[in-house]
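Thank you all for making time this morning.

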Amino acid sequence: MAAESRAPPLHGGPKMAGGAEPGPELERVVEALELLLRRRQQPAGPGERDGEAGPGPEGALRPETLRSNSAALEERLRRAPGWAALRGLRDAVLARAPGLAAGAAGEAEPGWAAACGLLALLLCLKERLTALAAAPAAPGAGPGAAPPPSADTLSVGQGRAVGRALRAAVGLGLVPYLPPGVGQRPGPPAPPPAPPAGRGARLHAATAALAELTEHPALGGPLLARHLGLLLAGLCLLGHGPATHSEGVSEAERARCREALRQILDRVYQPLAVRELLVLQGRPKQSPPSPGEETKPALVRAPAWLRRLCGQLLSERLMRPNGVQAVVRGIMEGTGAGGTGAEAAAVDWRKCDTVAKILASCPQQCLSLEDYYTLVCPQILDLLHIQDKLTARQFQRVATTTLLTMAKEHPQLAEKHLLQPMLAPLLRCSETAELAVEDLSAGTVLVTEAELSSCVEDVLKVYVVGNDSSSLLLGSLQSVLGVVFSLYSFAKQNVSYLRSPCQEILLWFLEKSEREVSLAVLEGFAGLNSSVHTLHPRCRFCVGSEGGATIAVEEAISDEDEALYQKVSSEQCHVENLVELLSHCQKSGLAGDFFIRCLKALTQVAAEDEAALNSAAVPGGSLLELEQYHAEQRRKLLVLQLVATLCESVSDTVFTDVAQVEEFVAATLQRACVSPARGPGAAAEVQTLTMAMGLVAAMLGGAVQLQSSDFAVLKRLVPLLEELSRTYPEPLTQELAADLRIAICTHGAFSPGTVGAAADGVLGKKLGTGTQSPAGIPGGAPSPRGGRTPPRHGRSSPSAPRERSEEQSMCHEAGDTGPAPAPCADSPAPAGLRELLVSAYDPQPPSRAAALRHLSSLITQRDPEALRLQEKLLQVFLENVQHEDAFVYLSAIQGVALLSSEYPERILPVLLARYRGPAQGTEDTAAAIARMKLGEVLMRVTQALGDMVFKYREPLVQAFLRGARDPDSALRASSLSNLGELCQRLGFQLGSIVQEVTSCLTAVAKTDPKAEVRRAAVHVVVLLLRGLSEKAAEVLRDVLRDLYRLLKHVVVAEPDGATVLHAQLALEELDTVMRRVLFPPQALEKKIVVLP
């Protein structure tokens, strides 16, 4: 660039571009370069690679070698034929560059002379390449052939020679004239600087020639890729350095150097420019050498003017379009481009944080902080969307750290230019958004799938991965949390990859926020308050084509019933998903706190209902009052629905400490004091109250190791227990409340018997007094009041102490009035087992189920006393199978299965006899239900028997076949279902009874009047064909045709769609089986037979 100041452009003369005299060939110019760089002692091999090390003087080119090479080139230019054109072109180039001409003619300094000669030849090469590019193109190749290269294309060998020449020109003509600290590179020590006299003029001549070479792609590419830093150092020194380093250079030439510097920086790959400027700027302070680096030569620190200049140029790079990405790439790409290097760079969080601090600080060139954020923040958000896997982690970490740093330093600007644009897709469809009239047409897409997915991923990266719980971030996220929860509910109902990121975002917010805020947000999710902004009522989520979701305007529903149904369904879905979300928050205690808050809200609802009943107020008056009344009723229903769902779904680990248990019990006691159990829901209220008081009794009885601080927490219950002992209508509950108050006040030193009984009822221990040891005491145990406390039934509602005779008479009365005599305390069994047998007939289902499960555990442990009473245990289990409570009869079924697996020869015939015929003295419906439960027992028994089930194959099959002809349709369907499961247990090895099975299935599928029975029969056929697979043709050989005709008949004549579908599946399975049998796959294999 600077060379043009001395003469017109070199390619502007008539002889150089299209004149009468042809120019030299490219090969001639390259040959001259190789001649000038020829090594006499060690010639360069054909595979030599140059440019690997930093530029510097050619080690093998000694002054004598350079001098002889220059003389040989001059001799060849003067006398060799064919070199006249090159000589003329070189003379023209040197005439336009007097500094190079003077240096090439001088013989006192062979290094500078060789540098000037190389630069002159490189300028000649540029002229020839420019002329060849301007010449008419050669005719194209024939069809099918590759297109010929352009006339100005260098070959591989020529490119290698040009690279060596550039390296030598930079090393000999530029490096010696740079002062220490300017453009210094790690590596071999730089040559001693040239004498001050003429240093500025020589540096300008070499820099101007190199800048002119960058104008051609073939020469500028390798030059800028390998020597950009040194070229920038020369231009910075000439254009912006002290005047002492620019002696002999005019002010106009310095201005052209500054212009050339900016043009080169604008033209090159911006990350490369950033990296070279950072290298020129150098480290801010010379840190002490680390271990192992003491022997390395220390780099001279860059001068202050160069550091300031590089800082300004870097700021300009940053303020350009896509400047943020250029700065990040320039700093991070040097750490590795893949494999282990890229992983190491991703882990290097210090470098990422350093880049983030650079981006977060406003440069001095920027007029205002607002303008800087306006320009840079969109580019920072773009860093989150980098798709390259090798650099995505680095860029995302830099973007996240930059955003968090900006949020700390300038929260208002960060929220305006970073957080709000990032959350814009979610804010656009929030209930607080003001949608335009033209956007409200049904079907209008407000947020596309790509936009919504990108937004959710950005929120996950910034908030969750960044993991900064500042008030700004939590507040901004809370504004869109309702929409995120709606999206989470939508993703739970559909197949979408957005489910997991939405769940992580919600859980992160609930974990990082204050507990009161988290609880308020959960209430907002359930619709109990307005702490979160939900989805706009006119918006809805739609399934995206790529597995995501879109947000579109929903068409208004004119039907009020349909609108009400949609609203109720949405609320139910939100409540279920909220409970599912809480299942991940149990360890933190948030689920327990929310459960307690819901119970307190339920207490408030009960109090309001009680007040409404007393006042008998009827809503009326203005429309506003009626609307408020309806809103309050809706809130009450939501509270009831939420509490019911939580009670069904939360596990027993929802409470994590004593304080939460105390709050739960306090809420329950307060509700009992406000609204005592009356009316149709009294039983449930009593059971809840009993469970809460039993929890306190269990803790006092030793289930939890209580400390003095825990008793301080439990003492909060004393006022409520005292009020309950005075006001509750049930005397037994009053007595237990008083006893619990005494036990809490004495720190468990005085524990009445009712406390122990309540604890046993909750924990499911062996029935006895509350003061018995953990191992259990069969008989009575010492009471704190003195004497012995008689054992009593482990009821859910505690009872007062009774005499032993009263308990025995009660046992006999239960045996006289019940369906079968209950075992009583006078039976020949240990006291503990007697108590379990008596408790198996407790009127409260929890106590009964606990006793049954305890009996089952005794069978599993092969307790000798329990196995000795196997007939009595079987009687207890079978009678409890007929109980209406699912928890009770399932526990009884488990006990029968365990007992049958131990003694199948004795127990299984009894079960089969009961299953074959209805119980005596019962109605048809009850008998059918009892037999269906026995069928479940038989299935559990077959599963427990394992391979021994083959011994009882025929009686089991006959029992189910007989059940398939029962008058009750539900029992027929159940028997066929059990038959199919039994066939699977038998491995479909039915033996000789296969004819009976298929005949029964055919008759039922064709003639049964109930669709569910026919469906069950066809399903058994599907199981047979699918289970036997290729063996079906062999095992079902005699009945295969009948089954095929049956399935065809069902497909043609069956009105039930599900039955037809089962039949079609069976036909497809049969078709697959027969194709494999008729057309077996050919196995190409070689057989080697050894002849005798």
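I will begin with a sheet and the helix that crosses it, and then turn to the nonpolar cores.

Please keep in mind throughout that this is a predicted model. The sheet is an open one, built of 3 strands in the order S1-S3-S2, and the pairing is antiparallel. Because strand S1, at 445-447, and strand S2, at 539-543, stand at the edges and have a single partner strand each, one side of each is left without a neighbour in the sheet. From one strand to the next, the twist averages 45°.

If we look at how S1 is held to strand S3, residues 549-553, we find 2 bridges between these antiparallel strands, and Val445 stands opposite Ala552 in S3. Across S2 and S3 lies helix H21, residues 481-493, which runs at about 40° to S2.

Let me now move to the cores. Which residues have the most contacts inside the largest nonpolar core? They are Met406 and Tyr463, in a core that has 210 residues, and to this core helix H5, residues 110-134, gives the most, with 13 residues.

Met406 deserves a moment on the screen. Once its neighbours within four places in sequence are left aside, Met406 is in contact with residues including Leu359, Ala360, Tyr372, Tyr373, Val376, Cys377 and Ile380, and also with Pro411, Ala414 and Leu418.

Definitions and conventions. Residues are numbered from 1 along each chain as its sequence is written. This is a predicted model: local features need pLDDT of at least 70, side-chain atom pairs count only at pLDDT 80 or more; totals for chains, interfaces and linings use all residues. Side-chain values use heavy atoms; hydrogens and water are left out. Two strands pair if DSSP finds at least two bridges between them. Helices (H or I, at least four residues) and strands (E, at least two) are DSSP runs, numbered from the N terminus. Axes are lines fitted to C-alpha atoms, for helices over the stretch in contact, and angles run from 0 to 180 degrees between N-to-C directions. Contact means heavy atoms within 4.5 Å. A nonpolar core is a set of buried Ala, Val, Leu, Ile, Met, Phe, Trp, Tyr and Cys residues joined through side-chain atoms within 4.5 Å. Buried means under 20% relative accessible area, exposed over 50%, partly exposed in between (1.4 Å probe, protein chains only).
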